[in-house]
Amino acid sequence: MPGTTSSDLSELAAARKRIAELEAELAIHRRAAELMGEVTSSKGGTKPSA
């Protein structure tokens, strides 16, 4: 990248790492929400179609 400093590159690398961490965390929360939905819907007797 022309005009990009090593400081810029290290910030970009840190930002990409943080994004990856947040995406992983979000995936865990989504999976937990799916599991919680299955648990609560099984009590009701009907499972919502998804």
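Select Arg-31 to begin. This residue is partly exposed, with a relative accessible area of 42%. Keep in mind that you are looking at a predicted model.

Show both side chains. Arg-31 and Glu-34 form a salt bridge, and their closest N and O atoms lie 3.0 Å apart. Side chains of opposite charge can pair when their charged atoms come close.

Where do these two residues sit along the chain? Both belong to helix 1. They are 3 residues apart, which is about one turn of the helix.

Next, move to Arg-18. Its relative accessible area is 44%, so Arg-18 counts as partly exposed. Which residue does Arg-18 meet in a salt bridge? Select Glu-21: the two side chains come together with an N to O distance of 3.4 Å. Glu-21 has a relative accessibility of 39% and is partly exposed.

Why are Arg-18 and Glu-21 separated by about one helical turn? Because they are 3 residues apart in helix 1.

Now select residues 6-44. This stretch is helix 1. Trace it from end to end, with the pair Arg-18 and Glu-21 highlighted in it. Then highlight Arg-31 and Glu-34, which lie in helix 1 as well.

How many salt bridges are there in the count? There are 2. One joins Arg-18 to Glu-21, and another joins Arg-31 to Glu-34.

Zoom out to the whole chain. Its secondary structure consists of 1 helix and 0 strands.

Last stop: burial. The chain has 50 residues, and buried ones make up 2% of them.

Notes:
Residues numbered from 1 in each chain as written. Predicted model: local features only at pLDDT ≥ 70, side-chain atom pairs only at ≥ 80, totals over all residues. Heavy atoms only, no water. Helix = DSSP H or I, 4+ residues; strand = E, 2+ residues; numbered from the N terminus. Buried < 20%, exposed > 50% of the residue type's maximum accessible area, 1.4 Å probe, protein only. Salt bridge = Lys/Arg side-chain N within 4 Å of Asp/Glu carboxyl O.
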